[in-house]
Amino acid sequence: MVSKKAHSSAAVEDGKTDIQKKMPPAEEPAAQENAREISATRRVEITETVLRDAHQSLMATRMSLDDMLPVLDQMDEIGYHSLEVWGGATFDACMRFLNEDPWERLRTLKKHFKKTRLQMLLRGQNLVGYRHYADDTAKEFVKRAVGNGIDIIRIFDALNDLRNVEVTAAQTKAEGAHLQLCIAYTTSPVHTVEAFVKLAAQMKDLGADSICIKDMAGLLTPTAAKELVHGIKQATALPIQVHSHYTCGLAGLAYYAAIEAGADVIDCALSPFSMGTSQPCTETFVASLAGSQWDTGLDIRQLTPISNHFKKIRAKYDKIFVKVQGANTDILLAQIPGGMYSNLVNQLKEAGQQDKLPQVLEEVPYVRAAMGYPPLVTPSSQIVGTQATLNVLSGERWKIIPKEVYNIFKGMYGQTPAPMDPEIQKKVLGGDKPITCRPADLIEPELEKARKEVASWITQPEDVLTYVLFPAVAKDFLVKKYARETMTDIGLNEFVDDSAYPV
């Protein structure tokens with residue numbers, strides 16, 4: 001992902017938007033020169049998402065390791081930039097629904113991928129969970145993730161509050177992994193190109209090796225993609241990766257505009273798990289760029305047998321597969337990412353209230369504005385979506401306030417991009433005062449206590465982290481895993497802690 005020289009700086013200057021012309025010059029002249037002179041013959045690379053985000057977006061993260069195994073060796077020969085295989089909701093879903101150890105899944109994948117770098121998605125101080133964890137947990141998790149096979153860690157914060165990525169970013173660098181810091185892209189009165197470019201420059205100061213524009217809801221237009229890539233290249237000269245979802249029908253256009261503007265890597269999914277609420281199609285972009293100055297170097301003939309395998313996997317899970325036809329332009333207003341949309345649909349179905357989906361989608365923008373315009377990405381997407389659903393199903397706004405909604409108004413997830421609605425905040429907090437410090441500063445170290453509580457059941461050091469992250473799920477999962485691996489009668493031992501799983 002190294003930029004090479006091509007267009008003259010004068011040509012690039014003529015192609016700038018008014019917004020870009022107003023941007024301050026980069027602090028480092030050499031970096032500015034590299035950013036302006038984008039190669040006409042640079043290879044654009046692809047990160048494949050079929051093993052993580054694609055099935056998280058389209059079938060609620062239910063793809064098992066056994067579903068993947070038959071084609072892993074073939075995938076290793078393709079020549080991908082990286083494979084996204086871990087993080088996000090996979091950690092939770094492995095235990096909760098698939099009876100798999102997420103750490104063992106990672107180790108198994110690493111055994112098969114000898115040539116291709118493995119990538120994960122990390123939610124900053126939330127790690128792969130839904131609350132902020134203590135710094136000792138965050139450091140240990142990154143250490144174990146890299147030690148078990150992760151090469152690239154993509155880190156974001158749901159609110160774009162960089163205080164919440166400082167610890168995991170520093171630990172990623174300390175472990176020698178590639179640090180990719182992430183802009184959670186969204187649109188609102190306070191989310192401007194200038195603001196995102198400034199954020200990217202701050203990410204470079206934190207040690208980012210590359211920047212990802214993470215467009216969870218598929219809202220990135222070609223114009224915005226071009227402006228962002230130009231601006232970030234000018235400000236940082238770092239490699240840029242673009243991640244989007246096809247929900248609104250914009251992602252393919254946005255990718256091409258980003259590539260023209262200098263993007264180095266795009267996230268794609270093999271055809272059976274592409275488009276809809278997932279990523280643009282891998283084969284389509286390989287074919288689209290073939291023979292151009294941005295040729296990916298990938299062979300579509302090698303991809304075909306792998307895609308045929310995933311066609312069978314898709315058919316296997318047909319009942320839970322999200323069947324989105326065409327572009328859902330309602331999302332341009334609701335701004336709901338693929339995983340959030342599929343979860344809302346499933347939750348409303350389980351409650352027998354699927355007919356309420358249009359009302360919930362209409363309620364989401366109102367709730368989001370009241371909360372200070374958080375980008376809709378885990379966990380803020382679940383928090384906003386839950387409150388919007390409760391508002392609709394209860395027939396009264398803010399009648400039911402979940403703990404997580406209280407915490408976001410309290411400041412326990414960080415600083416929101418815009419001020420919250422003061423009246424709603426007062427109602428939710430009920431007289432309590434919001435915090436202004438980094439949320440994790442208020443969390444005591446938690447690993448040592450957890451080690452004592454789970455001592456009877458651990459078969460590997462990573463089990464302690466599993467328990468801290470998802471205590472209620474781990475109580476059942478770790479006990480069964482211990483019995484299976486040690487052939488031991490587990491009859492009398494019990495966990496000490498009785499904490500509940502965070503929604």
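Q: What do "buried", "exposed" and "partly exposed" mean here?
A: A residue is called buried when its relative accessible area is under 20%, exposed when it is over 50%, and partly exposed in between, with a 1.4 Å probe and protein chains only. This is a predicted model, in which local features need pLDDT of at least 70 and side-chain atom pairs count only at pLDDT 80 or more, while totals for chains, interfaces and linings use all residues. Residues are numbered from 1 along each chain as its sequence is written, and side-chain values use heavy atoms, with hydrogens and water left out.

Q: Which of these classes does Glu485 fall into?
A: Glu485 has 47% relative accessibility and therefore counts as partly exposed.

Q: How should I read a salt bridge, and how many are there?
A: Side chains of opposite charge can pair when their charged atoms come close. The term salt bridge is used when a side-chain nitrogen of Lys or Arg lies within 4 Å of a carboxyl oxygen of Asp or Glu, and by this rule the count comes to 25 salt bridges. One of them joins the side chains of Arg107 and Glu104, at 3.1 Å from N to O. Both residues belong to helix α8 (residues 102-112) and are three residues apart, about one turn of the helix; helices here are DSSP runs of H or I with at least four residues, strands are runs of E with at least two, and both are numbered from the N terminus. Glu104 is partly exposed, because its relative accessible area is 34%.

Q: Which residue does Asp463 meet in a salt bridge?
A: The side chain of Asp463 meets that of Lys481, with an N to O distance of 3.3 Å. Asp463 sits in helix α23 (residues 462-469) and Lys481 in helix α24 (residues 471-486), so this pair ties together parts that are 18 residues apart in sequence. Asp463 is buried at 0% relative accessibility, and Lys481 is also buried, with a relative accessible area of 1%.

Q: With which other residue does Lys481 form a salt bridge?
A: Lys481 forms a salt bridge with Glu485, where the closest N and O atoms are 3.7 Å apart. These two residues are four residues apart in helix α24, and so are separated by about one helical turn. Salt bridges that share partners join Asp101, Asp463, Lys481 and Glu485 into one network.

Q: How is strand pairing read, and what does β7 pair with?
A: Two strands count as paired if DSSP finds at least two bridges between them. Strand β6 (residues 210-215) pairs with β7 in the parallel sense over five bridges, and within this pairing Asp215 has Ser244 of β7 as its bridge partner. From β6 the chain crosses through helix α12 (residues 222-236) to β7 in a right-handed β-α-β crossover, right-handed meaning that, with the strands pointing away from the viewer, the path from the first strand over the helix to the second runs clockwise. β7 also pairs in the parallel sense with strand β8 (residues 265-268), over two bridges, where Val265 of β8 is the bridge partner of Gln241. β7, helix α13 (residues 251-261) and β8 likewise make a right-handed β-α-β unit.

Q: Why is β7 described as largely enclosed?
A: Five of the five residues of β7 (residues 240-244) are buried, so this strand is largely enclosed by the rest of the structure. Ile240, Val242 and Ser244 point one way, whereas Gln241 and His243 point the other way.
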